[in-house]
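Reader: I'm new to this one. Could you walk me through how to read its features?

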Amino acid sequence: MRLLIVTAVHFWIMYQFLLLKAEPLFGKVAHIRGGKAALPFVVLITRKDNGQHVCTGSLISKSLVLTTASCLNVPLKDLVVVTGSADPGSTRRGVFGLSWKITYGDWERINNKPKFDKNSDDIALIKLSWVNALVKHGKIDYFDGSDKPGSKLQMVGWGPTIDAERLLERPERPRAATIRVWDRDHCMNHIKFILPTSTPYILPSRLMCTDSLAIAVNGDFGGPVLNKERNIVAVLIPRCPVPGACFTTSAQPNLLIHLRDFRAFLDEYINDDALNRLEPLSLVKTKMMTNEVPSV
């Protein structure tokens, strides 16, 4: 009996240690500021009415922002994008309304590819209401091998900080930290632990787990994951590998979507943006198919 009590106390102490070590966002946290360390393409997606941080995003062309589709449940007319947001007092800081959005699921339906998986294809693009001329956009690297186990990456997000009991105020700058990619078996073991018994699950190749000393919260999702060259290789998504089954503790991993499988989708709209098209042809088709009115 005494041995059981000692063992239980030992595990409780280890669990509390992990809770203290996990600090959204992130383990060893660094504020992103101006100068050589700045990441000007990291943007904040926020509510227009109350300034609530909805998500993080990445400017990937002169007027396109990459984020997660699950972040965009709020009508576009109620959102704004803040660019140059690593330096709140900078003259490069801009606030943009949004013209339209398109998710990867929309694009697959347009192209008759009904393979959309809400949890592993959680990618979307939003269009700024006018061209950004304030900051340089980021670059996507589709094939850099960053999904290999042990790879070190950097995650960036605008989520609130936290202490042991409560969420703190919204940060004035995005925060970042170095994280490490898990091997797929280790990732699957954690996923199986939260799934209902006998639930079949195959880990999609584009889905990645990273170490749990770097915990993401609402506001961080949609943020870029960068390689050592500071190119965008993945996007941070909510910690739910399947609907209704989510990671909730600091001992469980974050989830990332690698952008390798989304090249055709992203390049189509990046190229459209370079040609100054107000709306891509595929988006026009979507509206014709669904009788949607353009978002303003």
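Reader: Is Cys-246 buried, partly exposed or exposed?

Author: Keep in mind that this is a predicted model. Buried means under 20% relative accessible area and exposed means over 50%. Cys-246 has a relative accessible area of 31%, so it counts as partly exposed. Cys-240 has 18%, so that one is buried.

Reader: Which cysteine is Cys-246 joined to?

Author: A disulfide is a covalent bond between the sulfur atoms of two cysteines. Here a disulfide joins Cys-246 to Cys-240, with 1.9 Å from S to S. Their link is right-handed, at 100 degrees about the S-S bond.

Reader: How many disulfides does the structure hold?

Author: Three. Count the bonded cysteines along the chain and the pattern reads 1-2, 3-4, 5-6. One of them is formed by Cys-55 and Cys-71, whose sulfur atoms lie 1.7 Å apart. That link is left-handed, with -80 degrees about the S-S bond. This pair ties distant parts of the chain, 16 residues apart: Cys-55 sits in strand S3, and Cys-71 in the loop between S4 and strand S5. Cys-55 is buried at 2% relative accessibility, and Cys-71 is buried too, at 8%.

Reader: And the strands: what order do they have in the open sheet?

Author: Read across the seven strands and you get S6-S5-S2-S3-S4-S8-S7, with antiparallel pairing. S6 and S7 are at the edges with a single partner strand each, so one side of each has no neighbour in the sheet. Neighbouring strands are turned by 30 degrees against each other on average, direction ignored. For a pair to look at, take S4 and S8, which pair over four bridges; Leu-66 stands opposite Leu-125 in S8.

Terms used:
Residues are numbered from 1 along each chain as its sequence is written. This is a predicted model: local features need pLDDT of at least 70, side-chain atom pairs count only at pLDDT 80 or more; totals for chains, interfaces and linings use all residues. Side-chain values use heavy atoms; hydrogens and water are left out. Two strands pair if DSSP finds at least two bridges between them. Helices (H or I, at least four residues) and strands (E, at least two) are DSSP runs, numbered from the N terminus. Axes are lines fitted to C-alpha atoms, for helices over the stretch in contact, and angles run from 0 to 180 degrees between N-to-C directions. A disulfide is a pair of cysteine sulfur atoms within 2.5 Å. Buried means under 20% relative accessible area, exposed over 50%, partly exposed in between (1.4 Å probe, protein chains only).
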